[in-house]
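Have the structure open as you read, and take the points in order.

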Amino acid sequence: MVGAGAFGTALAISLASNGQPTLLWGRDAAQMGAMAKARQNAQRLAGLRFPETLEVTADITKIPLKAVILLAVPTQALRATLIQHRHILHSHMLIACCKGVERGSGLLPLEVIADVLPSVRSAILTGPSFANDIAAGLPTALTLATKDVDAKTLQTLLSTPALRLYLSDDPIGAQLGGALKNVVAIAAGIAIGAGLGDSARAALMTRGFAEMVRFAVLRGAARDTLFGLSGFGDLVLTCTSTQSRNLRYGTAIGTGQTVSETATVEGVMTAHAIIESLLTNENDATDLPITRMVSAVLKEELNMAQAIESLLSRPLRRETDLA
Ligand SMILES: NC(=O)C1=CN([C@@H]2O[C@H](COP(=O)(O)OP(=O)(O)OC[C@H]3O[C@@H](n4cnc5c(N)ncnc54)[C@H](OP(=O)(O)O)[C@@H]3O)[C@@H](O)[C@H]2O)C=CC1
Ligand SMILES: O=C(CO)COP(=O)(O)O
């Protein structure tokens, strides 16, 4: 496991609890030392003890030769991680566990991997799951999306009695579902924080989902993928649970609080990345009113009242119209 934050630690605990010898690598030697000593990640998953089969290290050369590597760093840190450790990572199967779009390039995690390490085999692991739930061994279902011929072997390797992996051969759709639902969750949080009510949240979730499907299909995804765990499933979880950092972030913005950017809130950069990529890529020209509003509010180009007014004054249309 590369990345010892909440999600990397949770997946490592889950796999090791299933009897798999698992190596959890993090970049901060002092932090890794403390985790190895306490047998828990006190900073991000306090109280959830490491099984004996879980080894913690800050030495990336300890990764065994043929190991499958899960990459659990934020999307905006993925390229730097790949570049820094390319001499180790290039010969392994890489499973991206991040949810987002890279700012500047508009690329999805597997596209970033292909850009840095063109010949590497890769997959995306995504879907509705909170790190705490996975680490506690609660039942969870995720999507493992890949074009790789060894997909079934990977599915078996990474599934546990509590963590069920469903296979998909649509990595684009799975990645876009995971990335876009974070943006909609910020919008849902803003609505809740601003006191617009649960009905407004349901409207945003539904129209946000329409937006997700529209953009994903345009980017080459299969429409059905968005109706699965990685799209609809994760949208529901993230927009309705206060465990979600994206929802909490949006709620704080909606209540007018000043928000610190220290936590991983993937929807922020993803909203900007998508809207900025629309300016440069004509093929992506589509109507994304909710993503556009989230990006504009977070950049303080619009205040909340203007954003809400702009969404509510859009022309009336048929529900199933494409835009
Ligand atoms: N938490 C969750 O419930 C879930 C998270 N995810 C996804 O997993 C991804 C990671 O999120 P999460 O684990 O929660 O985030 P955290 O903020 O908990 O952890 C991020 C981790 O990435 C590390 N990191 C950041 N930059 C780099 C870098 N350049 N090189 C090496 N390591 C780096 C951090 O190290 P350091 O501590 O040294 O800064 C930290 O260990 C995100 O894309 C998220 O959407 C998916 C499903 C559930
Ligand atoms: O991706 C997640 C749930 O599936 C985690 O959501 P947050 O990043 O908003 O906490």
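This is a predicted model: local features need pLDDT of at least 70, side-chain atom pairs count only at pLDDT 80 or more; totals for chains, interfaces and linings use all residues.

1. Helices (H or I, at least four residues) and strands (E, at least two) are DSSP runs, numbered from the N terminus.

2. Residues are numbered from 1 along each chain as its sequence is written, while chains are lettered from A and ligands numbered from 1 in the order in which they are written.

3. For the overall picture, the protein chain has 15 helices and 7 strands. Its C-alpha atoms fill a box of roughly 60 × 40 × 35 Å along the principal axes.

4. Now to the annotated residues. An unreviewed UniProt entry places the feature "binding site" at Lys99, Arg245 and Asn246; such annotations may be inferred rather than shown by experiment, and positions follow the numbering used here, with feature names shortened. These residues span 148 residues in sequence, yet no two of their C-alpha atoms are more than 12.8 Å apart, so they gather at one spot.

5. Who are the neighbours? Two residues are in contact if their C-beta atoms, placed from the backbone, lie within 7 Å. Leaving aside residues up to four places away in sequence, lysine 99 touches Thr75, Thr126, Gly178, Ala179, Asn182 and Glu266. Asparagine 246, in helix H12 (residues 245–254), has contacts including Asn182 and Glu266.
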